[in-house]
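Can you give me a quick, friendly briefing on this protein?

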Amino acid sequence: MKKGKRFWRPKAAVFAAFLGGCLMFAGLPVFGAETEGPEAALIEMEDGEYAIEVELTGGTGKTTVSSPAGLTVLDGHAYARIEWSSSHYDYMLVDGKKYLPISEEGYSTFEIPITVFNEPMDVIADTTAMSTPHEISYQLTFDLEGVMSKSETPQAAAQKVVYMVFLIVLVCIVVSWVNKRKRMGRR
């Protein structure tokens with residue numbers, strides 16, 4: 001083997017690594033690198049947490065999503081927290097970009113960009129509930145008129161009722177204890 005051939009392979013690997021680094025630094029796609037996801041729609045709201053009415057169509061009709069869904073506004077862009085009525089969804093696709101569940105417990109929940117308001121947005125969800133995993137096409141329609149603060153959601157109202165019931169029970173326990181102490185003191 002000639003001396004020049006022995007050094008060719010390491011030089012080629014260094015050159016390839018250098019070229020890949022330059023392409024990544026320049027912001028150009030590199031083979032095998034993950035591409036940017038779909039652009040989230042702009043919304044004229046302050047950054048923060050909200051809720052939005054969402055309607056699900058498509059699929060078999062056996063599953064639903066929680067509505068209102070969580071809405072996060074970040075830099076004027078809208079993102080939804082989609083909670084399925086099943087724990088068997090292992091990923092979602094929005095415009096070809098894969099989104100994984102944000103939690104391993106409970107129902108399958110995903111945070112995805114909202115690409116359009118007031119018209120159906122195509123998504124694919126992969127379910128493992130059948131004998132083999134299946135990708136199912138759905139449409140999510142986000143109602144821009146149905147945006148509300150998190151404190152206005154039915155879940156927030158139910159939480160307030162639970163707190164009130166807890167407070168009433170606590171007051172009853174304290175009043176009962178005070179009355180019992182008064183009766184014990186009279187004897």
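Here's a short tour, from the overall layout down to single residues.

This is a predicted model, where local features need pLDDT of at least 70, side-chain atom pairs count only at pLDDT 80 or more, and totals for chains, interfaces and linings use all residues. Residues are numbered from 1 along each chain as its sequence is written, and side-chain values use heavy atoms, with hydrogens and water left out. The protein has two helices and eight strands.

**Overall layout**

- Helices (H or I, at least four residues) and strands (E, at least two) are DSSP runs, numbered from the N terminus.
- Of the 187 residues in the protein, 28% are buried; buried means under 20% relative accessible area, exposed means over 50%, and partly exposed is in between, using a 1.4 Å probe and protein chains only.

- Strand β2 (residues 69–74) runs antiparallel to strand β3 (residues 77–83), and five bridges join them. Two strands count as paired if DSSP finds at least two bridges between them.
- Look for threonine 72, which sits opposite tyrosine 79 in β3.
- The β2 and β3 hairpin has two residues between the strands, and aspartate 75 there takes a positive phi near 55 degrees.
- β3 also pairs with strand β6 (residues 109–113), again in the antiparallel sense and over five bridges. In that pairing, isoleucine 82 has phenylalanine 110 of β6 as its bridge partner.

**The salt bridge**

- The structure holds one salt bridge, meaning a side-chain nitrogen of Lys or Arg within 4 Å of a carboxyl oxygen of Asp or Glu.
- Glutamate 111 and arginine 81 form it, with their closest N and O atoms 3.1 Å apart. The pair links distant parts of the chain, with glutamate 111 in strand β6 and arginine 81 in strand β3, 30 residues apart.
- Glutamate 111 counts as partly exposed because its relative accessibility is 31%.
- Arginine 81 is partly exposed too, with a relative accessible area of 43%.

- Strand β7 (residues 121–127) is mostly covered, as five of its seven residues are buried.
- On one pairing, β7 meets strand β4 (residues 89–94) in the antiparallel sense over four bridges, and leucine 93 has isoleucine 124 of β7 as its bridge partner.
- On another, seven bridges join β7 to strand β8 (residues 134–149), also antiparallel. There, alanine 125 has isoleucine 136 of β8 as its bridge partner.
- The hairpin from β7 to β8 goes through six residues.
- Proline 133 lies in the loop between β7 and β8, and it counts as exposed because its relative accessibility is 55%.
- Proline 133 is 43 residues from aspartate 90 in sequence, yet their C-alpha atoms are 9.1 Å apart in space.

**A positive patch**

- Lys180, Lys182, Arg183 and Arg186 form a positive surface patch. Patches are made of residues with over 30% relative accessible area and no salt bridge, with like charges joined within 9 Å and nonpolar side chains (Val, Leu, Ile, Met, Phe, Trp, Tyr) within 5 Å.
- Arginine 183 belongs to helix α2 (residues 154–186), and it counts as partly exposed because its relative accessibility is 49%.

Methods:
Accessible areas come from the Shrake-Rupley method with a 1.4 Å probe; for residues, only the protein chains shown count as cover. Lys and Arg count as positive and Asp and Glu as negative; His and the chain ends are not counted. The place of a charge is taken as NZ of Lys, CZ of Arg, CG of Asp or CD of Glu.
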